[in-house]
Amino acid sequence: MTFSLPPYESIALVFQGGGALGAYQAGVFEGLHEAGIHPGTISGISIGALNTAVIAGNPPETRVTRLKEFWETICQPPVGPMMDAFIEQSMFNINDATRQMISAWHAGSALMGGRNGFFHPRFPPPSLVGQGDPAETSFYDIRPLKDTLERLCDFDRINAGELQVSVGAVNVSSGNFTYFDNRRIPLRAEHFMASGALPPAFPAVEIDGEYFWDGGLVSNTPLSYVLEERPQRDTLVFQVDLWSARGRVPASMTEVADRIKEIRYSSRTRMVTEQMRWTQYRRHLLRHILDAVPDEVRRSDAYCQMAEELACAKRYNVIHLIYRNKPYERNYKDFQFGLASMRDHWNSGLEDIRATLQDPARLAMPDNTSGFVTHDVHREHLEQMMQRR
């Protein structure tokens with residue numbers, strides 16, 4: 001099924017960070033691909049940056065295949081025993097108890113042995129007191145990730161500008177947030193690795209003499225970067241989050257650890273969305289006021305000229321796709337890199353985008369006062385249930 005979209009000037013895909021949960025984003029992308037929706041802008045942080053690299057680094061017809069290859073690669077141990085895929089999936093399908101057991105096994109396996117084509121433990125481990133190379137000051141070595149990205153991604157294609165590509169990272173020395181953008185600099189594997197270099201597990205990545213860490217330390221979503229792009233354009237954004245702000249009050253210490261992550265890494269999206277909604281409302285309001293001012297006044301009055309620079313009549317539609325925690329998942333869900341759980345996350349993303357696209361009205365150009373709308377199929381379903389009570 002393909003869609004006839006309203007005349008948006010830009011379609012953007014925005015990926016949050018969240019480790020192993022990132023397979024959810026791959027499922028969302030597959031659903032967009034099968035619907036014939038092809039974003040021209042893609043931006044990511046952390047695991048979202050790695051998904052961004054694989055998508056942008058391949059032609060449209062092979063992107064889903066390459067994403068599957070990437071995730072099937074990093075969801076296996078680099079050495080040692082590996083559970084038979086068929087047996088694992090069969091056990092995973094039994095009930096939540098076996099799912100939790102398998103997930104815990106994969107999380108422990110990732111901690112102890114790393115993941116194929118992604119990271120492996122340093123031996124000997126880093127010293128807690130001695131000084132060393134910043135690029136080696138971490139519990140895991142991520143050099144295998146560079147080989148994986150260079151094998152699966154065509155960086156010439158990324159830098160050719162077919163897609164606008166940006167990934168966020170933090171400058172370790174200054175603490176400043178930075179976006180590596182293919183419209184400004186040529187991107188290499190290191191730029192995407194830097195966006196996912198979460199300390200102390202992963203080392204800072206050196207780029208042109210500076211060291212960078214995971215962008216999620218400052219902001220786990222690049223939504224504001226995409227929405228504040230100049231010149232402003234009528235924009236449809238698919239914001240794919242891996243942490244839900246909504247959740248129940250924890251009743252155990254493991255649930256506390258899980259809930260801390262959810263609140264910490266989801267709050268930026270809520271804040272940015274609400275901030276952009278009000279900003280766009282004021283811009284629209286200013287635009288309406290200026291339209292009522294005589295032309296000669298607008299041309300001669302200095303304040304009107306300044307207002308012209310701030311006013312905007314562009315419209316923004318943000319489609320939220322937010323991963324929902326599964327009953328079997330615990331506080332290690334972001335590093336339980338296993339094939340069965342990966343496919344579960346992937347299918348969740350595919351189901352959510354299909355459910356979202358069932359109502360084409362969600363893709364409509366905003367016609368409200370602010371020119372800014374958001375949609376979340378889960379939230380809308382919850383609101384409908386509450387109204388029935």
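Which side chain does K333 meet in a salt bridge? In this predicted model, the partner of K333 is D258, at 3.4 Å from N to O. A salt bridge here is a side-chain nitrogen of Lys or Arg within 4 Å of a carboxyl oxygen of Asp or Glu. K333 sits in the loop between β10 (316-322) and α13, and D258 in helix α10 (residues 253-291), so the pair ties together parts that are 75 residues apart in sequence. Helices (H or I, at least four residues) and strands (E, at least two) are DSSP runs, numbered from the N terminus. Both ends of the pair are covered up: K333 is buried at 2% relative accessible area, and D258 is buried at 7%. Buried means under 20% relative accessible area, exposed over 50%, and partly exposed in between (1.4 Å probe, protein chains only).

As for the ground rules, residues are numbered from 1 along each chain as its sequence is written. Since this is a predicted model, local features need pLDDT of at least 70 and side-chain atom pairs count only at pLDDT 80 or more, while totals for chains, interfaces and linings use all residues; side-chain values use heavy atoms, with hydrogens and water left out.

The structure holds 29 salt bridges. E274 is partly exposed at 36%, and R277 is partly exposed at 25%. Elsewhere, R233 pairs with E229, with the closest N and O atoms 2.3 Å apart. E229 is buried, at 15% relative accessibility. Both belong to a salt-bridge network that also links D181, R183 and R184.

Most residues other than glycine have a negative phi, and most peptide bonds are trans. S46 has a positive phi of about 60 degrees without being a glycine; S46 lies in the loop between β2 (41-45) and α2 (47-56) and is buried at 12%. D208, also not a glycine, has a positive phi of about 50 degrees, but D208 is exposed at 68% in the loop between β7 and β8. Cis peptide bonds run from P199 to P200 and from R230 to P231, each with omega near -5 degrees.

Finally, helix α13 (residues 339-357) reaches 27 Å from its first C-alpha to its last. Of its 19 residues, 14 are buried.

Conventions
Expected span 1.5 Å × (residues − 1).
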